[in-house]
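Colleague: I have a few minutes before group meeting. Could you walk me through this one?

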Amino acid sequence: MITLDDITLTFPDGDARITAVDHVSLTAPNGVVTGITGPSGSGKSSILAVAATLIRPDSGRVWIGDTDAAALSRDDATALRRDSIGIVFQQSNLLPSLTAREQLLVMAELGGRSRRSRAAVRLRADDLLDAVGLSGHRDKRPAQLSGGQRQRVAIARALVNDPGVLLVDEPTSALDQERGGEIMDLLARLTRERQTATLLITHDLVHRDALDELITVVDGRASTAAHRVEA
Ligand SMILES: Nc1ncnc2c1ncn2[C@@H]1O[C@H](COP(=O)(O)OP(=O)(O)OP(=O)(O)O)[C@@H](O)[C@H]1O
């Protein structure tokens with residue numbers, strides 16, 4: 001579970017400061033996809049960056065389990081991010097020279113939680129590639145994969161260190177509606193199977209069936225309660 005408690009984040013704007021996130025509180029429980037929507041510039045990516053411990057907020061707490069991530073040193077935040085948070089960006093951000101399997105192995109290598117044997121890590125990587133529907137594409141490089149397949153690799157990579165929290169920024173923006181729907185369904189399934197607390201930004205709600213909860217952000221402020229999405 002991840003909880004943002006009264007988060008405020010400002011950025012410098014000339015002599016003044018712009019408030020990107022304005023006293024936002026939200027909770028994303030395990031096994032649930034919590035969507036964040038809202039107009040462009042409303043603060044969605046800023047909220048995700050704070051949740052990811054990539055930006056420290058001006059005030060407020062980020063609870064990941066029992067840890068207040070907003071209060072950690074830079075090094076401790078990096079370690080927490082590596083072990084407990086999976087991140088999927090709009091673009092898949094894969095390394096061009098690595099195969100699908102190698103993308104996962106590199107991420108597992110960076111994860112410090114356990115010293116798994118090489119064979120166990122390889123097995124886990126292959127299991128995850130199977131889970132995202134890429135069993136026949138393990139040895140392909142990004143250029144040999146479609147946009148949807150690249151996004152699947154990015155999702156598998158985000159899960160390789162078994163994070164409790166999965167943060168996803170506009171995963172369908174580079175895909176057509178059908179491929180986008182498949183990616184959203186995949187994220188919903190993996191969230192349930194792996195019991196991740198999944199926080200997902202989406203600017204359009206065409207795939208809203210894949211969301212369990214929905215939070216609307218306007219001018220840096222979140223709707224007070226998460227709304228259950230009607231099927
Ligand atoms: N690094 C930064 N420096 C200064 N201002 C920033 C920075 N990042 C974001 N902002 C400002 O903070 C506000 C929120 O931006 P943010 O990117 O979080 O919105 P968003 O809802 O994710 O937008 P979009 O849907 O267009 O990606 C905007 O006014 C933006 O200009």
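Colleague: Let's begin with strand β1; how many bridges join β1 to β2, and do they run parallel or antiparallel?

Modeller: Bear in mind that this is a predicted model. In it, β1, which covers residues 2-13, is joined to β2 by 9 bridges, and the two strands run antiparallel; within that pairing, Leu4 stands opposite Leu26 of β2.

Colleague: And what sits in the turn of the hairpin that β1 and β2 form?

Modeller: There are 2 residues between the strands of that hairpin, and Gly14 in the turn has a positive phi of about 65°.

Colleague: How many bridges join β1 to β4?

Modeller: That pairing has 5 bridges and is antiparallel, with Thr8 of β1 taking Ser59 in β4 as its bridge partner.

Colleague: Switching to the ligand, which residues surround it?

Modeller: The ligand is surrounded by Phe11, Ile18, Ala20, Gly38, Ser40, Gly41, Ser42, Gly43, Lys44, Ser45, Ser46 and His203. The elements giving two or more residues to this shell are β2 (16-28) and α1 (44-51), and α1 gives the most, with 3 residues.

Colleague: What does that shell look like by class?

Modeller: By class, the shell around the ligand has 8 polar residues, 3 nonpolar ones and 1 charged one.

Colleague: Where is Leu54 found, and why is it classed as partly exposed?

Modeller: Leu54 is found in the loop between α1 and β4 (59-64). It counts as partly exposed because 15 other C-beta atoms lie within 10 Å, while a buried residue would need 20 or more. The C-alpha atoms of Leu54 and Ala70, which are 16 residues apart along the chain, are separated by 9.7 Å.

Colleague: What about the largest nonpolar core, which members touch the most others?

Modeller: That core has 60 residues, and the ones touching the most other members are Ala51, Ile155, Ala156, Leu167, Leu187 and Leu199. Leaving aside residues up to four places away in sequence, Leu187 touches Val33, Ile155, Val168, Pro171, Thr198, Leu200 and Ala210. As background, nonpolar side chains in soluble globular proteins tend to be buried together.

Colleague: Last topic, the whole chain: how many helices and strands does it have, and why call it compact?

Modeller: The secondary structure comes to 6 helices and 11 strands. The radius of gyration is 17 Å, close to the 17 Å from the globule rule for 231 residues, so the chain is as compact as a globular protein of that length. Buried residues make up 41% of the chain's 231 residues, and of the contacts with a separation of 6 or more, 71% are between residues 24 or more positions apart.

Notes: Residues numbered from 1 in each chain as written. Predicted model: local features only at pLDDT ≥ 70, side-chain atom pairs only at ≥ 80, totals over all residues. Near = placed C-beta within 6 Å. Helix = DSSP H or I, 4+ residues; strand = E, 2+ residues; numbered from the N terminus. Nonpolar A, V, L, I, M, F, W, Y, C, P; charged D, E, K, R; others polar. Buried ≥ 20, exposed ≤ 12 C-beta atoms within 10 Å, placed from the backbone. Core = buried A, V, L, I, M, F, W, Y, C linked by C-beta atoms within 7 Å. Contact = placed C-beta atoms within 7 Å. Pairing = 2+ DSSP bridges. Rg over C-alpha atoms; globule rule 2.2 N^0.38 Å.
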